[in-house]
Amino acid sequence: MIANRLQPYDKGQRSGNQTESPRPGLLQLSDYLMTNYSKGVRPVRDWRRTTTVAIDVMVYAILNVDEKNQVLTTYIWYRQIWTDEFLMWNPEDFDDIKQISIPTANIWVPDILINEFVDVGKSPDIPYVYVDYEGRVKNYKPIQVVTACSLDIYNFPFDVQNCTFTFTSWLHNIQDINISLWRSAELVKYDRSVFMNQGEWELLYVDTQFNEFNLERGLSAGYAEMRFFLVIRRRPLFYAVSLLLPSIFLMVMDIVGFYLPPDSGERVSFKITLLLGYSVFLIIVSDTLPATAIGTPLIGVYFVVCMALLVISLTETILIVQLVHKQDLRSHVPEWLKSLILDKATVLLCLRNKTQFHSMRQHSETPENARDRKDSMVQLNHFACENGTDCEKPVSSSLPQTDTNLTVDNILHEISAIRQFLEKRDEYRDIAKEWLQIGYVLDVLLFRVYLVAVLAYAISLGTLWSIWQYS
C-alpha cells in the first residue's frame, strides 16, 4: 500500500526536546516514484504493449546554410511526450500534487534521434522533465540541429530548399516504440509563431509524413519514423542589389558605347575599360556565389555569358575600327559588297538617310564631270594661244619664243601635276567615304544584332527568375 511506503508528512516526530517539521510532499512523491525504479527497462507493465511517443517540432531560426558542404544548421524547439506506467500516483495521497519535475537522467527516455545528424550542435542542457500523475512524461528542449541536406543552388539567389528531419528510434522497432505527431499536421505546417523571420531565409512551411521501413528483408516488424520536411526560401534582395544590378549597369554602358563614332579610337578604349571592370567585379563577387562539386548556379552562367557578350562587343568594335581606319590605302569597295550593304542592308535596317549612301556613287563618274575635265585640259593645252598675235609670230625670233614656250610648258606641267594630285586626293576621299559608309552600316547591323541577343537573354533570365521567385 502507498500509505505503508510513505512517511507521514502531516505528523511531526519528536526527538528529545526538538520537533521535526513534516517532509514536503514533493520530496515524498519523488522518493515514492524513484523507489525500485529502473530506467534501463521500457516503462510498460505488459511487454507486449507499445510505447507511443508523440513528438513536435517548432522551427526557431535558420542559422546557416552551407551550400559547399551540403549542411543545414537550424535551431528548433523539440517536444516529445510518452506514458511511463511506473510514474503514476494518486494526487490525493501527495498533497494534491498533479505534476512534478524530475531529473531526466533518473528515468527512461526513448532513443529517438534525427537520422540526418552530421555534427553535435551547441544545444543547452535541460536536465529536467515534467511528469503528471497519469504517467505522461513531457520532455521539452531546444536543439541546435546540424544536418545533411541536398541543397540545389541552380536557382540561386531565388532558390527554395527542402530539407528533411527524420525522427526515428535507433534501436527499438515499431512493436516497442511507435512515433506520432503531438499536434495535427495542419498546425505544424504553417506554424511560424516562434520563427525569427528577419534573416536571409524565409520559412515557407513544414510538411510531415509518417513512414514504416525495414532494414532487413523478412523481418515482420519494421521501424517507425516521422519526417519533417523543412521548406525554406532565400530572400534575394541583397544578392539582386550587390550582384545583378552592377552587372546590368555595366551591360547597359556597353550598349551605350555603340553610339560613339565607329571611326574614333575612343570606343575601343571604352570597351576595354568595361571588360577590365567586369573582370574585377567577378573577382570581387566570386566569394559570394555558392559553390558545389556537382553544379553551378544559373547566375554564374549569367556572369560568364555577360563576359562573353562584352568580348563579342569588343571584337565587333575592333572589326569596325579596322574597316574604317586608313581607308585611303584601300581599293574601291567591290560592287557586290556595295549592293549587299548599301542597298539591301539599308532597307533591312530602315535607315532614313539611305540616299546619302548613294550620293557619292552617283557623283563619282557623271558625264558632266568628264566634260568639265576635258574642257579644262583643252584650256590648259591652248593657254599660250589666247593671244592670237603670239601664235602667228615668225620663226626668226626663235630664242625669245623658245624661252617663253619653256616657261609656259613648266607652268602647264605644274598645273597638271597639281590637278592630278587633287584628283587623286578626291579619289582617295571617295574611297574613304565608301569604306566609312560600309563600316557605318555594318556597325548599325551588328549593334542591332547584339542588342537583340542581349534583350532575348535578359528576358529569358528575368522570366525564369520570376517564375522561381513566385512559384
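Is Thr 166 buried or exposed? At 4% relative accessibility, Thr 166 counts as buried, where buried means under 20% relative accessible area, exposed means over 50%, and partly exposed lies in between (1.4 Å probe, protein chains only). The structure is a predicted model, in which local features need pLDDT of at least 70 and side-chain atom pairs count only at pLDDT 80 or more, while totals for chains, interfaces and linings use all residues. Residues are numbered from 1 along each chain as its sequence is written, and side-chain values use heavy atoms, with hydrogens and water left out.

**Overall architecture**

- The chain has 11 helices and 13 strands; helices (H or I, at least four residues) and strands (E, at least two) are DSSP runs, numbered from the N terminus.
- Of the 471 residues in the chain, 38% are buried.
- The accessible surface of the chain comes to about 28200 Å², and 58% of it belongs to carbon and sulfur atoms; accessible areas come from the Shrake-Rupley method with a 1.4 Å probe, and for residues only the protein chains shown count as cover.
- Among contacts (heavy atoms within 4.5 Å) between residues at least 6 apart in sequence, 77% join residues at least 24 apart.

**Surroundings of Thr 166**

- Thr 166 lies in strand β10.
- Leaving aside residues up to four places away in sequence, Thr 166 touches Leu 113, Ile 114, Asn 115, Glu 116, Glu 225, Met 226 and Arg 227.
- The C-alpha atoms of Thr 166 and Leu 113 are separated by 7.9 Å, although these residues are 53 apart along the chain.
- The side chains of Thr 166 and Glu 116 make a polar contact of 2.8 Å. A polar contact is a pair of N or O atoms within 3.5 Å; within protein, one must be able to donate a hydrogen and the other to accept it, and residues adjacent in sequence count only if both atoms are side-chain atoms.
- Two residues that Thr 166 touches, Glu 225 and Arg 227, form a salt bridge with their closest N and O atoms 3.0 Å apart.
- Glu 225 counts as buried at 4% relative accessibility, whereas Arg 227 counts as partly exposed at 29%.

**Salt bridges**

- Side chains of opposite charge can pair when their charged atoms come close.
- A search of the whole structure finds 15 salt bridges, each being a side-chain nitrogen of Lys or Arg within 4 Å of a carboxyl oxygen of Asp or Glu.
- Asp 176 forms a salt bridge with Arg 42, with 3.6 Å between the closest N and O atoms. This pair links distant parts of the chain, 134 residues apart: Asp 176 is in the loop between β10 (160–169) and β11 (177–181), and Arg 42 is in the loop between α2 (25–34) and β3 (51–66).
- Asp 176 is partly exposed at 25% relative accessibility, while Arg 42 is buried at 12%.
- Asp 254 and Lys 271 meet in a salt bridge of 2.9 Å, N to O. Asp 254 lies in helix α4 and Lys 271 in helix α5, so the pair ties together parts that are 17 residues apart in sequence.
- Both Asp 254 and Lys 271 are buried.

- The structure holds 18 aromatic pairs. Rings of Phe, Tyr and Trp (its six-membered ring) pair if their centres lie within 6.5 Å; planes under 30 degrees apart count as stacked, over 60 as edge-to-face and the rest as tilted.
- The rings of Phe 156 and Tyr 239 have centres 4.8 Å apart and planes at 70 degrees, so the pair is edge-to-face. Phe 156 lies in the loop between β9 (136–148) and β10 and Tyr 239 in helix α4, so the pair ties together parts that are 83 residues apart in sequence.
- Phe 156 and Tyr 239 are both buried.
- Tyr 278 and Phe 281 form a tilted pair, 5.8 Å centre to centre with 55 degrees between the planes. These two residues are 3 apart in helix α5 and are therefore separated by about one helical turn.
- Ring pairs link Tyr 278, Phe 281, Tyr 302, Phe 303 and Tyr 457 into a cluster.
- Ser 247, in helix α4, is buried at 0% relative accessibility.
- The side chains of Ser 247 and Tyr 278 are joined by a polar contact of 2.8 Å.
- Beyond residues up to four places away in sequence, Ser 247 touches Tyr 278, Phe 281, Tyr 302, Phe 303 and Cys 306.
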